[in-house]
Amino acid sequence: MQKTVHIIGAGISGLSAAVRLANAGFKVHLHEATQQAGGRCRSYFDAATNLTIDNGNHLLLSGNRHAVAYARSIGTEAGLVGPKRAQFPFVDLTTGQRWQLDLGDSRLPTWVFDEARRVPDTGLLDYLALMPLIWAAQSKPVGDTIPCKGTLYRRLVQPLLLAALNVDPPEGSAGLAGAVVRETLLAGGQACRPLIAREGLSAVLVEPAIRLLQGKGASIQFGHELRGFGMSAASVGELKFGDDTVAIGADDAVVMAVPPRAAASLLPGLKTPTKFRAIVNAHFRFDPPKDMPPLLGVVGGLIEWLFAFPQRLSITISNGDPLVDMPREELAQAIWRDICKASGVQGDLPPWQIVRERRATFEATPEQNALRPGPSTSWKNLFLAGDWTDTGLPATIEGSVRSGNRAADLVLAMRSA
Ligand SMILES: Cc1cc2nc3c(=O)[nH]c(=O)nc-3n(C[C@H](O)[C@H](O)[C@H](O)COP(=O)(O)OP(=O)(O)OC[C@H]3O[C@@H](n4cnc5c(N)ncnc54)[C@H](O)[C@@H]3O)c2cc1C
C-alpha cells in the first residue's frame with residue numbers, strides 16, 4: 001500500500017522533503033499556513049515598483065550542492081544563473097577603490113597564491129591566518145578564532161561571513177563559519193560561482209516544486225495551519241488544524257518544517273533557537289546600465305551587495321536590526337545614495353520598495369547554534385526539518401534543503417525498518 005506523509009510548512013525545507021518523498025512513491029500531503037509556498041524564499045507582485053520582486057535577494061554558490069541538486073530535481077537548475085568563473089567585483093565606498101576577486105574555476109584555492117586574483121593589498125600570510133576557522137569548535141566565536149581586522153577581513157572575510165551568518169562576524173559561531181569556508185573558499189573557484197534565481201525565487205525554487213508534487217498526486221492545502229498534535233503513545237496520532245483534524249495512520253509519517261517559534265509552540269519542550277536577526281532588502285525600479293555586473297560587493301557603506309536584475313536594482317543589508325525601525329523614506333534615500341556611488345548611476349529616487357524581514361534567520365552565535373535540535377523527536381513518526389535545525393550550516397537555502405532531505409531519509413528508513 002502507498003505510504004502517506006504529511007509535511008507541515010511549504011518553505012524550501014518542506015518542499016525538498018516533499019519532492020524527495022513524492023519521488024520515492026509516497027502519497028504527500030503538504031499543509032501550509034499562508035496562501036503561498038516558499039516561506040522566507042518567495043516572490044510576489046509589488047505595486048510600488050510595479051514589478052514581481054523577491055522578499056529578499058538570495059545568493060547561492062555553486063558549492064551549495066544540495067540546493068543545486070534540489071533545483072535539478074525540479075527541473076530548474078538552469079534558472080540558477082551565474083558567471084562561468086567565480087569573479088566578484090567589489091567597491092569600497094569610503095575610498096572609491098574598485099577590485100575584482102577572481103577565484104577562478106579550480107577545485108583548489110589556488111587563487112590565494114596569485115596577487116592579481118586575490119584581494120588587493122593582502123599577502124599569503126593573511127590567508128594562512130584564517131586556517132583556524134577550518135577546524136574551529138562549534139562553541140567558539142569567530143572573534144576568538146581569527147583576526148577580525150585588517151585589509152583581508154574588511155574586504156573579504158567580513159562581507160562573506162556577514163552574508164552567511166547574518167550576525168557581526170566576530171560574534172558568530174566559528175564552527176558555522178568554518179563550514180561555510182570549507183565548502184566555498186577552500187573548495188576553490190568551482191565551488192564559489194555566484195548563482196542567482198534571475199527569474200525570481202518562486203519561479204525557480206518554489207512553483208516548479210509545487211507543479212511536480214501536483215503531477216505526482218500530492219495534495220497541497222494553503223491556509224491550512226497546524227494548531228496542535230494529538231499524540232498516542234510513541235507516535236503522532238492526529239494533526240489538529242483550525243477546523244479539521246487529520247488522523248495519522250500507524251505507518252504514516254509527519255515532517256514538521258515550520259520556523260522555530262511555530263515549532264516550539266506546537267511541540268512544548270522542544271529546544272530551538274530563540275534569537276533572530278533581520279535582513280533588509282530594497283528594490284528600485286531602474287534599468288541597470290549595460291556594463292553593470294549582476295552582483296557587486298560593497299564595503300564601507302550602508303549596503304553590502306548590489307544586484308542588477310532586469311528593470312531593477314536591489315540591495316541586501318544583513319544583520320539589519322538597527323534599520324528595522326528607521327523611517328522607510330529616509331532609509332530608501334540613504335540606500336539610493338549608496339547605489340549611485342557604487343554603480344555610478346544618477347537620478348532622483350525611482351519607485352522603490354523596502355522589505356525588512358525581522359526574523360530572517362536565527363542568530364548564528366555559538367549560544368544559539370547550541371540550541372538547534374536534530375531531525376528526530378520523541379515520537380517515532382515525527383521528524384523535524386528547517387534551516388534552524390542542526391544542519392551544521394547557518395540558516396541558508398543549502399541548509400534548508402539538507403534538512404528536508406535528511407527528514408525525508410528518516411521517513412524512508414522508517415518505511416524500510
Ligand atoms: C531576506 C532574506 C534573505 C536571505 N538570503 C539568503 C541568501 O542569500 N542565501 C541563502 O542561502 N539563504 C538566504 N536566506 C535564508 C533562506 O531564505 C532560508 O534559510 C530558507 O528560506 C528557510 O526555509 P525553511 O523551509 O527552513 O523555513 P521557512 O521558509 O520559514 O518555511 C516555513 C514554512 O512553514 C509555514 N508555517 C509556519 N507555521 C505553520 C503551521 N503551524 N502550519 C503550517 N505551515 C506553517 C510558513 O508559513 C512557511 O511557509 C535569506 C532569508 C531572508 C528572509
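## A nonpolar pocket

The lining of the second largest pocket divides into 14 nonpolar residues, no polar and no charged ones. Nonpolar here covers Ala, Val, Leu, Ile, Met, Phe, Trp, Tyr, Cys and Pro. This is a predicted model, in which local features need pLDDT of at least 70, side-chain atom pairs count only at pLDDT 80 or more, and totals for chains, interfaces and linings use all residues. Residues are numbered from 1 along each chain as its sequence is written, and side-chain values use heavy atoms, with hydrogens and water left out.

Nearest the centre of this second largest pocket lie Pro109, Val112, Tyr127, Met131 and Leu186. Helix 3 (residues 124–128) gives the most to its lining, with three residues; helices are DSSP runs of H or I, at least four residues, numbered from the N terminus.

## Two cores

Now to the nonpolar cores, which are sets of buried Ala, Val, Leu, Ile, Met, Phe, Trp, Tyr and Cys residues joined through side-chain atoms within 4.5 Å; buried means under 20% relative accessible area (1.4 Å probe, protein chains only). The largest has 57 residues, and Phe229, Leu239 and Met256 have the most contacts inside it. Helix 4 (residues 151–165) gives the most to this core, with seven residues. Apart from it lies another core, of 44 residues, including Leu15, Leu80, Ala218 and Ala385.

## Cysteines

The disulfide count is zero, taking a disulfide as a pair of cysteine sulfur atoms within 2.5 Å. For Cys192, the nearest cysteine sulfur, that of Cys148, is 19 Å away. Cys192 is buried, with a relative accessible area of 2%, and Cys340 is buried at 16%.

Terms used: Buried < 20%, exposed > 50% of the residue type's maximum accessible area, 1.4 Å probe, protein only. Helix = DSSP H or I, 4+ residues; strand = E, 2+ residues; numbered from the N terminus. 1 Å grid on protein atoms, 1.4 Å probe; cavity = no way out; pocket = protein on both sides within 12 Å on 5 of 7 lines; lining within 4 Å.
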